[in-house]
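Hi,

Here's the structure I promised to pass on.

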Amino acid sequence: MRMFKKFLAVVILIATSSIPAHADSIPEQFTFTGSGYGHGVGMSQIGAKAKALAGESATAILNYYYKDVTVAPWVDTQTIRVNIGHSLKSAYFSVPNGSTLSYYAGETTTGVAQTSSGKQKLNLSVAGNWANLGGLKAQRFTITWSNIISLTQNGSTSTYKYGFISVKVVKGALEITTSLNLHDEYLWGISEVSSAWPAAALEAQVIASRSYAASKLGPISTSCDCNVYSHISDQNFVGYSKESEPRIGKLWREAVIRTNIDTFTSLAILQNGKPIQAYYSSSSGGATQSTLDAWGTPTRYTQSVIDSASVDVALNPRFASWKASSSQALVSTAFGLPDVLTLEIISRNQAGAVTSIKATSSTGATKILRGDTFRSRAKLPSAWFSLAN
């Protein structure tokens with residue numbers, strides 16, 4: 001009997017220790033306070049604007065944020081392929097009155113052209129391994145136009161003027177790309193900062209964007225049929241919409257032209273004669289971080305430098321300081337846990353950004369993520385954050 005009671009006590013102890021926390025104790029959301037926006041690696045765009053306002057040149061700005069580099073002429077006659085529509089099931093093209101759209105089955109403009117003119121909508125869809133464009137079926141299409149062309153996907157429309165467009169079926173979905181001259185056409189469509197910013201800040205952005213794109217040239221990625229994406233995965237490319245902005249669009253175009261040396265060369269950020277992958281983001285928490293800080297992989301040209309403009313409310317009114325919340329579902333999914341009972345910041349780097357954060361579930365299971373990984377998954381503005389609850 002005594003042995004039975006002892007056994008029963010052990011069973012009760014084990015069962016009690018495995019009982020999860022009461023549902024009422026699991027937070028519905030987590031609140032954070034912080035500063036900065038983006039990963040904070042490389043050039044701070046707010047910092048670049050502040051330096052330009054203080055009279056610094058584009059070259060001085062870039063040499064401040066990137067380590068052991070030179071801003072020098074580089075041959076940029078290459079064509080870059082930009083993904084402007086990823087993993088789509090349908091989309092449509094249109095051209096304005098007086099323009100003509102021509103499309104060809106295959107990778108070139110040789111062969112018989114199908115044409116569409118006026119504001120007629122040209123539908124694009126996919127079925128299996130075939131794309132259907134205006135009633136013509138092929139695994140790949142090439143599209144040209146006489147003036148401008150609009151692409152509508154998922155309810156959003158973008159306009160393009162230069163180069164040509166390709167459509168390819170990859171794993172049962174549509175990949176839409178545009179091929180452009182890196183020298184100017186691609187850069188005219190980069191929309192990363194306001195065109196009304198000071199000239200030196202615009203030029204610094206142009207040179208950083210050119211360098212980043214140049215570093216991505218090479219074999220075409222099969223997953224996107226591209227060198228770069230047109231969004232945050234690489235750089236925000238909006239096509240003709242950027243330079244056609246009322247009043248200020250020409251200022252961005254002029255900044256691009258000022259960084260062109262001649263028809264074959266332009267300014268780029270070089271290390272050992274090659275363009276660097278010039279990371280940049282909107283702002284930091286007061287100091288930038290290196291790729292080692294943020295992602296655990298070192299690069300010779302990134303470093304941590306003071307970035308006081310990012311925490312100046314007058315210069316960075318939206319993100320000098322911020323407060324944000326993430327739902328229980330978002331946070332638990334970020335860690336791959338059934339729920340998250342508590343969060344704990346484990347470490348920060350010299351720039352002040354979180355480098356590791358631990359989650360504990362109601363069952364006692366724990367997982368640790370890199371700070372930048374967590375901020376991305378939890379949809380926080382930056383990795384410069386603290387727990388507010």
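The lining of the second largest pocket splits by class into 3 nonpolar, 8 polar and no charged residues (Ala, Val, Leu, Ile, Met, Phe, Trp, Tyr, Cys and Pro count as nonpolar, Asp, Glu, Lys and Arg as charged, and the others, Gly among them, as polar). This is a predicted model, where local features need pLDDT of at least 70, side-chain atom pairs count only at pLDDT 80 or more, and totals for chains, interfaces and linings use all residues. Residues are numbered from 1 along each chain as its sequence is written, and side-chain values use heavy atoms, with hydrogens and water left out.

A pocket here is an open set of points on a 1 Å grid over the protein atoms alone, where a 1.4 Å probe fits, with protein on both sides within 12 Å along at least five of seven lines; lining residues have an atom within 4 Å of a point.

Back to that second pocket: it holds about 170 Å³ of space (the volume filled by probe spheres set on the points, which are joined across faces, edges and corners). β4 (79–88) gives the most to its lining, with 4 residues, and β13 (156–160) supplies at least two. Strands are DSSP runs of E, at least two residues, and helices are runs of H or I, at least four, numbered from the N terminus.

The largest pocket has a volume of about 970 Å³. Of its 33 lining residues, Tyr37, Gly38, Ile232, Tyr280 and Ser281 are the closest to the centre. α10 gives the most to this lining, with 3 residues. By class, the lining has 14 nonpolar, 13 polar and 6 charged residues.

Cheers
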